[in-house]
Amino acid sequence: LVLVNLYNKPAMTMPDVYFVNIAIAGLILSLVALVQLLGPDNPQWAVWNFNREVYITLLILFNISALVTMYSTTLLSLDYYIEQALPRTYMSSVYNTKHVCGFVWGGAVLTSFSSLLLYVCSHVPKIIECSKIQNKEVADTIMVFIGFFVPATAVVYALILIFRIRNQSTPLDQDSARPEPSMHPLLVATVCAHLVLWAPYYITLLVHIAYRPRASELASRYHVYYFVKGLSKLLAYSCSFVVPLLYTYMHRNFTSKLRQLVRRLDCQTEGCSDQQMERQPQVVVS
C-alpha cells in the first residue's frame, strides 16, 4: 500500500494519504508485535531477553502507533464529511492532509510522554516528584480516554453526519469535486474494523485499571484473564494488516496502480522499449 501510493504521488487523494499514514503505523505495530512475540513474555519460544529500557521503548512505539491509527481514521471520517458537504472548499486537500498527518504523529508522541516519564523516573527513584509521577494506572487511564473514547465518539459523530447528508438530495450530488461513491463502503469498513479490533484491548485495559489492587488474585483464580488479555492484544495487532487488506480489496484504482508499478519494475530489470512504456495504462485520478 505504501509503495504503490508513494510511487503514484500525483494520483494520491485525501483518503490515500490517511491510509498511507495508517499503513506506516501498522508497520511499526507489526515490528513491535514481532519483538514481543519472540521476547521473554513467551518463554516457550523466546529468542531474546530485553531489559526495562527496551520494554518502555516498545510501549511508547505501541502507544504512538495506536494513537496514529485511531486518529487517522477519525480525521479521515471528518474530512470525508467535509468533502461531501463542501466539495469545492479544498479544506481537505492532499496538501492539507499531509500537514494534518504530521500533526497527528507529533500529537501521538506528546501523548505518549507519560510512558517516557516512567522510564526516566525508573532511573531516578530518589526524587519525590518521580515517586508521584510513576503511576502506570494514570498513564493507562489517559490512553483509554484519549486513545479510544475520544476518537470513537468523534468517528461515530462523523458517520452520523455522513449518513445524514447522503440521505439528503441536494444540487451538490452532481458535483464532480465530491468524493467517489466507492470510497464510502471503504470508509465504513475501515471505521468498523478499527472499532471492533481495538475495543477489546482498551476494555481489558480498563478492567485491569479498575481491578489493579487485585490483579494478581484475579489472574491466579481465573486463567481465562490471561487468555482474554492476549486475545485482545492479538486483535489490536491484527488491525495493522486488516485495514491495508480492506484498502487493496475495496479501492477502485489500487489494482491499476499496482500493475503500473510492477510493469515499471520489470522494465527497470529487464528493459522495455519506449513503445511498451507508452502502452502502460494511465491511472484514473479520482
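## A salt bridge to start with

A salt bridge is a side-chain nitrogen of Lys or Arg within 4 Å of a carboxyl oxygen of Asp or Glu. The model you're looking at is a predicted one, and by that rule the count comes to one salt bridge. The partners are Asp16 and Lys257, whose closest N and O atoms sit 3.5 Å apart.

## The overall picture

Step back and look at the whole chain. How many helices and strands are there? The chain has twelve helices and zero strands. If you read along the sequence, you get α-α-α-α-α-α-α-α-α-α-α-α. The chain has 286 residues, and 41% of them count as buried.

## Helix α10: checking its span

Helix α10 takes in residues 224-250, which makes 27 residues. Still, α10 has a kink of about 40°, and the kink is centred on Cys239.

Quite a few residues of α10 are buried, among them Tyr225, Ser232, Ala236, Cys239 and Tyr247. Ser240 is another residue of this helix. With a relative accessible area of 12%, Ser240 falls under the 20% cut-off and therefore counts as buried. A polar atom of the Ser240 side chain lies 2.6 Å from the backbone oxygen of Tyr237.

Which residues make the nonpolar surface patch of about 470 Å²? They are Val224, Phe227, Val228, Leu231 and Leu234. Take Leu231 as an example, which has its place in helix α10. Leu231 has 37% relative accessibility, and since that value lies between the 20% and 50% cut-offs, Leu231 counts as partly exposed.

## Helix α8: another bend

Helix α8 covers residues 183-210, 28 residues in total. From its first C-alpha to its last it reaches 40 Å, close to the 40 Å expected at 1.5 Å a residue. Where does α8 bend? The bend is at Ala199 and comes to about 35°. A proline, Pro200, follows within four residues.

Ser65 is part of helix α3 (residues 52-85). Its relative accessibility is 1%, so Ser65 counts as buried. Ser65 and Ile22 are 43 residues apart along the chain, and their C-alpha atoms are separated by 8.4 Å.

Gln36 brings us back to helix α2. Gln36 is buried because its relative accessible area, 16%, is under 20%. Along the chain, Gln36 and Asn49 are 13 residues apart, with 9.8 Å separating their C-alpha atoms.

Definitions and conventions. Residues are numbered from 1 along each chain as its sequence is written. This is a predicted model: local features need pLDDT of at least 70, side-chain atom pairs count only at pLDDT 80 or more; totals for chains, interfaces and linings use all residues. Side-chain values use heavy atoms; hydrogens and water are left out. Helices (H or I, at least four residues) and strands (E, at least two) are DSSP runs, numbered from the N terminus. The expected span of a helix is 1.5 Å times one less than its number of residues. The bend at a residue is the angle between axes fitted to the seven residues ending there and the seven starting there. Buried means under 20% relative accessible area, exposed over 50%, partly exposed in between (1.4 Å probe, protein chains only). Patches are made of residues with over 30% relative accessible area and no salt bridge: like charges are joined within 9 Å, nonpolar side chains (Val, Leu, Ile, Met, Phe, Trp, Tyr) within 5 Å. Accessible areas come from the Shrake-Rupley method with a 1.4 Å probe; for residues, only the protein chains shown count as cover. A polar contact is a pair of N or O atoms within 3.5 Å; within protein, one must be able to donate a hydrogen and the other to accept it, and residues adjacent in sequence count only if both atoms are side-chain atoms.
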